Amino acid sequence: MRKEIIIFLVMLGILFVAGCAENGGSEEPAPSTPVEEPVKEVDTGEVAGEEEETVTVPESEQNETGAKTEIVDVEIRDYKYIPESLNVNVGQTVRWTNYDSVLHDVVGSGIESEYLRQGETFTYTFEQEGTYDYICTIHPWMEGEVIAEA
Ligand SMILES: [Cu+2]
């Protein structure tokens with residue numbers, strides 16, 4: 001009987017030790033909670049990066065508006081100059097484009113283009129301030145003007 005009691009006590013001791021080992025194992029996940037806090041800091045860093053990307057978009061738009069001031073377009077469409085009256089700064093270049101299937105030209109105030117076929121362009125740079133009236137010599141009722149200001 002003593003041997004059975006000793007074996008019983010030994011088995012109880014093994015179970016007790018095993019229980020302590022399991023409790024010790026269950027305590028290990030607890031330290032994992034502080035690990036989640038550094039992850040939140042990384043998230044705020046990513047948001048700051050997205051804000052920097054949105055700032056770069058307006059810079060490209062500024063470049064586009066700067067390029068538009070170099071050449072100003074006038075359309076020749078349906079026997080009209082569009083716009084009929086145009087204000088530019090001295091030194092700027094105006095580009096006329098004929099969108100009609102018939103010939104047109106741009107003549108007057110020192111401006112003299114060739115006959116422009118459909119899709120052809122004519123450019124003139126206004127070096128002096130003043131009002132430049134011009135017409136189409138083929139259709140003299142077509143009138144336009146460019147006002148160059150210093
Ligand atoms: Cu014409």
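Strands S1 and S4 run parallel and are joined by six bridges; strands are DSSP runs of E with at least two residues, numbered from the N terminus, and two strands pair if DSSP finds at least two bridges between them. Val 74 has Trp 96 in S4 as its bridge partner. S4 also pairs with S7, in the antiparallel sense, over five bridges, and Thr 97 stands opposite Thr 121 in S7.

This is a predicted model, in which local features need pLDDT of at least 70 and side-chain atom pairs count only at pLDDT 80 or more, whereas totals for chains, interfaces and linings use all residues. Residues are numbered from 1 along each chain as its sequence is written.

## The two faces of S4

In a regular strand the side chains alternate between the two faces of the sheet. In S4, Val 94, Trp 96 and Asn 98 point to one face and are buried (20 or more other C-beta atoms within 10 Å of the residue's own, with C-beta atoms placed from the backbone).

## The nonpolar core

The largest nonpolar core comprises 14 residues; such a core is a set of buried Ala, Val, Leu, Ile, Met, Phe, Trp, Tyr and Cys residues joined through C-beta atoms within 7 Å. Val 94, Trp 96, Phe 122, Phe 126, Tyr 132 and Val 146 have the most contacts inside this core. Strands S1, S4, S7, S8 and S9 each give two or more residues to the core.

Leaving aside residues up to four places away in sequence, Tyr 132 touches Ser 109, Ile 111, Phe 126, Glu 145, Val 146 and Ala 148 (contact: C-beta atoms, placed from the backbone, within 7 Å).

Note on methods: Buried ≥ 20, exposed ≤ 12 C-beta atoms within 10 Å, placed from the backbone. Helix = DSSP H or I, 4+ residues; strand = E, 2+ residues; numbered from the N terminus. Contact = placed C-beta atoms within 7 Å.
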